[in-house]
Amino acid sequence: MKFFADTANLNQILEVHALGILDGVTTNPSLMAKEGIKGEEAILAHYALLAKEIPGDISAEVIATDYEGIMKEGRRLAKISDNIVVKVPMIKDGIKAISSFTAEGIRTNCTLIFSPGQALIAAKAGASYVSPFIGRIDDIAGDGMNLISQLVNIFTNYGFGTEVLAASVRHPLHIVQCAELGADVVTCPPSVILQLLQHPLTDIGLEKFLADHKKLNG
Ligand code: E4P
């Protein structure tokens, strides 16, 4: 399973990358705004920086919601680097654009997926990734993990090349459950990835090992 960092914060991305376990990054307009990155030039420059620092796919989201606008923005983003994946919202013009990007050899991530039908359409249009938002489904008392299970089954049934990129991850259990269900990728806030490392019995066990060693060796 691939691990992506779901943030535009370079320091946090590099902290996980230093562990040697990071496969890519996803961003969205809210995450870019959170880092105070504004204006077209600054946004493009930040994507270029992420694409240079991280040797994996970097999802860069379009702001336009009409076909022509999405195409124009997406082509500009894709030109930044080969590892930029154009993130396109799950709307009618977005699907039309994903079909065109696919024909042009530009890779895409269809975002804001909340149902199996939406994911099926995106896969048929040739999306490289679909992003089901599991946390936001759970937030409204739905079952985000059931959607992951449905998508993995559907894509396996028909041999779609589209990868299931579980998004809106809230806690380490989400990651483990995604792994059990066979999601291709999880994108998580770096803090959630780091939480996976922790277990109180590891801390207690290590403390005891070191104390026993000290007793004999001083
Ligand atoms: C993924 O691509 C999205 O940017 C992200 O996972 C959304 O997460 P949120 O629901 O925590 O905002």
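# Questions on a predicted protein model

The protein has 11 helices and 8 strands, which are DSSP runs numbered from the N terminus (helices are H or I with at least four residues, strands E with at least two). This is a predicted model, in which local features need pLDDT of at least 70, side-chain atom pairs count only at pLDDT 80 or more, and totals for chains, interfaces and linings use all residues. Residues are numbered from 1 along each chain as its sequence is written, and side-chain values use heavy atoms, with hydrogens and water left out.

Me: How many residues of the shell around the ligand are charged?

Reply: A residue is near a molecule if one of its heavy atoms lies within 4 Å of it. The residues around the ligand are D6, T26, N28, K87, F133, R136, A167, S168 and R170. Asp, Glu, Lys and Arg count as charged; Ala, Val, Leu, Ile, Met, Phe, Trp, Tyr, Cys and Pro count as nonpolar, and the others, Gly among them, as polar. The shell divides into 2 nonpolar and 3 polar residues, and the number of charged ones is 4.

Me: What share of the ligand's exposed area does the protein bury?

Reply: An oxygen atom of the ligand lies 2.6 Å from a polar side-chain atom of D6, and an oxygen atom of the ligand is 2.6 Å from a side-chain N or O atom of R170. Taken alone, the ligand exposes 340 Å² (Shrake-Rupley method, 1.4 Å probe). Of that area, the protein buries 84%.

Me: Is D57 buried or exposed?

Reply: D57 belongs to strand β3, residues 57-61. The relative accessible area of D57 is 12%. Buried means under 20%, exposed over 50%, and partly exposed in between (1.4 Å probe, protein chains only). Therefore D57 is buried.

Me: Which side chain makes a polar contact of 2.6 Å with the side chain of D57?

Reply: A polar contact is a pair of N or O atoms within 3.5 Å; within protein, one must be able to donate a hydrogen and the other to accept it, and residues adjacent in sequence count only if both atoms are side-chain atoms. The side chain of D57 makes such a contact of 2.7 Å with the side chain of R107. The contact of 2.6 Å joins D57 to the side chain of Y129.

Me: What is the relative accessibility of A141?

Reply: A141 lies in the loop between α7 (134-139) and α8 (144-158). A141 is not a glycine, yet has a positive phi of about 65 degrees. A141 counts as exposed because its relative accessibility is 74%.
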